[in-house]
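Please load the model in your viewer and keep the selection panel handy. We will go from stop to stop, selecting as we go.

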Amino acid sequence: GVTLDLNGLIIRGSGSGIGIKPGAGASVRNGTVQRFGTGALVDRGSVVLTDVAFDSNFGVGLEISPAPGETAPAVVLNGSLASVSNNALSGVVIASGAGLEMTGASAESKLPIQRNGAVGIEARGRLKVTNVSVGESSNQGLLVDGNSPVEVVDSEFNDNGGDGIHIRGAPGASNLDDTTLDMDTEDYGFVMTGVTSSVSGNEGHGIHLGDSAQTTDVSAFFDLGIVEGNSGRGVLMEQKAAPGVDCGASAGYPGCTGATMHGLIIRDNASSGVELRTSYLIPRKIGNLRYGLGFTSNKIFHNAIGPGCSAAQTQPQVRVVGPPGQNPAVCSAAADEAACDSLGNDPLANQHCYWSGSSCIVVWDLRGAVDC
C-alpha cells in the first residue's frame, strides 16, 4: 500500500543489487532508477509504476518474477516519462506466472524500450503493450516463449539486432489441426493489431513464428501494421513438429505453429516478403463473421530487390519451403472434387485441401477470398 514519489530524483547504485523491490500493492512514481544490478524486481502482488525510467542498469532494467510461494505478480508501467533503456542485459523480463501491462502516452508518443544489451522484452508470462516502441536492442525486440497470452497494440519493434518479433511459444486455446476450429481473437496466444504497429529495420527477420527448438505451440493473429526494411524475411513461419502431428491441447502443444494474417503491408525486406515452412494458416473470424481463410488482404511487394526499381529480384515475394502442417491423409480421403471442396472451402475448416483434377491434395491456401 505504500506510494514512493521520487519527485523527479534519481536512485543511483554502484553496479550491483536491486534498485527498487516494491511490495504488494505499492506504487512508485516520478523518477529514475539507474546503475544497479537490476533496476527493479517485482516478485509479489500488484504494483503500479508511473513515470519511472529504468536506465543504464548493469543487468535487467525491470524484472517481474514470482518469489517461491507467492501469487503471480502483476505490474502496470505507464506515464509519459516512463522508459526502460540502456540496460546491459534485457530491458524487461517477465517470468512464467507473472504479468505486465505497458502503456505509452499516445500513438505519437510511445513508451520507449531502447538500446538494451540483450532482448528488448522477454515475455514468458502475460504481456500487453500499447503505444510502446522497442528499438536498438542487441538481439530480438520482443521474444515470446511461454504459455501465457501476449497482446501488442499500436506498437513498434524497429532497428533491433535480431528479429523484430520472435514467437517461440504462445499456444492460446487452439488445436491447430481441429477441423471444427472456431477461434475468436482472444483465443490466440499472440495478437498484434493497430494501424501504427510496425516491425522495421531489424537485423534478423521482421516477424519470426516458431523455430526448430520451440517447446510449445504458437497461434498468432495479425491485423494491420507494416513489416518493412528488415535484413531477413519480412515474415518467416515454421514449426518444430513434423507435418501431420496431433497439434494443440489434445497433444500437449507439441511444437506446431499457426497464424492468421490480415492487412499486413510487407515490403522492402532484404529476403522474401513471406516464407512459409511447415505450419498452418488459421481461418479468420471477426465477431460472428467467419471469413474462412487465414491469409487475407496482405500487400507484399518490393522485397529482395534493394533500392529503386531496376535492381534484380533475388528471392520470391512469397516463398513456400515445405508442406502445410496438415496431415495429407485428411485431404486424400476425399474421393471426388465435391468432397475435397467441402474440406477446402468450409469456413470453419482448417484443412488446406485442393482438388488437383484427379485427387485431393494438401496445399497452402493463399487466396484472398474463397471465390478468388
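Buried means under 20% relative accessible area, exposed over 50%, and partly exposed in between, with a 1.4 Å probe and protein chains only. This is a predicted model, where local features need pLDDT of at least 70, side-chain atom pairs count only at pLDDT 80 or more, and totals for chains, interfaces and linings use all residues. Residues are numbered from 1 along each chain as its sequence is written, and side-chain values use heavy atoms, with hydrogens and water left out.

Start by selecting glutamate 228, which is partly exposed with a relative accessible area of 24%. Strands here are DSSP runs (E, at least two residues), numbered from the N terminus.

Stay on arginine 267 and show phenylalanine 301 in S32, which stands opposite. Three bridges join S26 (residues 265–267) to S32, and the two run parallel; strands pair if DSSP finds at least two bridges between them.

Next, select glutamate 275 and arginine 319. Their closest N and O atoms are 3.1 Å apart in a salt bridge. Is glutamate 275 buried or exposed? Glutamate 275 is buried, at 1% relative accessible area, while arginine 319 is partly exposed at 31%.

Methods: Helices (H or I, at least four residues) and strands (E, at least two) are DSSP runs, numbered from the N terminus. A salt bridge is a side-chain nitrogen of Lys or Arg within 4 Å of a carboxyl oxygen of Asp or Glu.
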